[in-house]
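Here are some notes to read alongside the model. Keep the sequence and the 3D view open, and look up each residue as you reach it.

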Amino acid sequence: MDELIRRGAWRSLRNAEGDRPIDIALKRNHQHLADALTVRDLSDNELRKFAAWDKYLSELIQERTESLEPVKIRPIPSEIIALETLDNLYFGYPGMYGGFSMSIFKGRLLVESWSRVVGGSGQAHVITESGCVLVEEGFV
């Protein structure tokens with residue numbers, strides 16, 4: 001287990017039911033994994049903020065990919081960036097030949113998206129609890 005954590009396994013990633021690895025381990029009586037899998041609990045304010053960010057991120061992904069064949073995905077929750085202390089998180093989108101890059105900057109979620117085969121497709125958005133704003137475009 002320690003080797004997985006050392007190699008960057010995300011202890012805060014939740015499954016479709018909302019359980020983190022620590023929750024699953026404890027439900028299965030694997031208390032010996034508790035120290036390795038424990039992540040800090042989010043405050044109510046953080047839960048509210050990440051839920052809002054994820055809502056706007058989901059809407060942005062839908063908007064940016066509406067011309068593509070429908071793909072069933074579960075976007076990576078924004079809380080992962082904060083809890084895993086990641087500088088940047090990239091995820092590709094099937095059929096887009098590009099994807100989305102997320103980072104937290106000054107308490108806001110910065111999302112850049114692009115398609116490698118469409119010149120001028122780059123867009124940067126800033127997501128806050130109150131919405132999503134396009135701040136730059138055409139950079140790819």
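1. The chain holds 5 helices and 5 strands, where helices (H or I, at least four residues) and strands (E, at least two) are DSSP runs numbered from the N terminus. Starting from the N terminus, the order of elements is α-α-α-α-α-β-β-β-β-β. Along the principal axes, the C-alpha atoms fill a box of roughly 50 × 30 × 25 Å.

2. A word on how to read the values: this is a predicted model, in which local features need pLDDT of at least 70 and side-chain atom pairs count only at pLDDT 80 or more, while totals for chains, interfaces and linings use all residues. Residues are numbered from 1 along each chain as its sequence is written, and side-chain values use heavy atoms, with hydrogens and water left out.

3. Next, the surface and the interior. The chain exposes about 8,700 Å², with carbon and sulfur atoms supplying 50% of that area; accessible areas come from the Shrake-Rupley method with a 1.4 Å probe, and for residues only the protein chains shown count as cover. Of the 140 residues, 37% count as buried. Here buried means under 20% relative accessible area, exposed means over 50%, and partly exposed is in between (1.4 Å probe, protein chains only).

4. Look at helix H4, residues 44-64. Its 21 residues reach 30 Å from the first C-alpha to the last, close to the 30 Å expected at 1.5 Å a residue; the expected span is 1.5 Å times one less than the number of residues. Among the buried residues of H4 are Phe50, Trp53, Tyr56, Leu57 and Leu60, and the list also includes Glu46 and Arg64. What covers these buried residues? The cover includes helix H5 (79-83) and the strands S1 (89-92), S2 (98-105), S3, S4 and S5 (131-137).

5. Contacts also tell us about the chain as a whole. Counting contacts (heavy atoms within 4.5 Å) between residues at least 6 apart in sequence, 39% join residues at least 24 apart.

6. Now follow the strands. S2 and S3 pair in the antiparallel sense over 8 bridges, and two strands pair if DSSP finds at least two bridges between them. Phe105 stands opposite Arg108 in S3. S3 and S4 also run antiparallel, joined by 5 bridges, with Leu109 opposite Ile127 in S4. As you trace a strand, remember that in a regular strand the side chains alternate between the two faces of the sheet.

7. The turn between S2 and S3 deserves a look. These strands form a hairpin with 2 residues between them, and Lys106 in the turn has a positive phi of about 50°. Lys106 is exposed, with a relative accessible area of 65%. Asn29, in the loop between H2 and H3, has a positive phi of about 60° although it is not a glycine. Asn29 counts as exposed at 57% relative accessibility.

8. How many salt bridges does a search of the whole structure find? There are 7, a salt bridge being a side-chain nitrogen of Lys or Arg within 4 Å of a carboxyl oxygen of Asp or Glu. One of them joins Asp19 and Lys27, whose closest N and O atoms are 2.8 Å apart. Asp19 counts as buried at 16% relative accessibility, whereas Lys27 is exposed at 58%.

9. Arg20 has two partners to check. The side chains of Arg20 and Asp23 meet in a salt bridge (3.2 Å, N to O), and Arg20 forms a salt bridge with Asp41, with the closest N and O atoms 3.4 Å apart. Arg20 counts as buried at 11% relative accessibility, whereas Asp41 counts as exposed at 59%. Salt bridges that share partners join Arg20, Asp23 and Asp41 into one network.

10. Finish in two loops. Val117 is found in the loop between S3 (108-115) and S4 (123-128), and is exposed, with a relative accessible area of 60%. Gly95 lies in the loop between S1 and S2 and is partly exposed at 47%. The C-alpha atoms of Gly95 and Ser115 are separated by 9.2 Å, though these residues are 20 residues apart along the chain.
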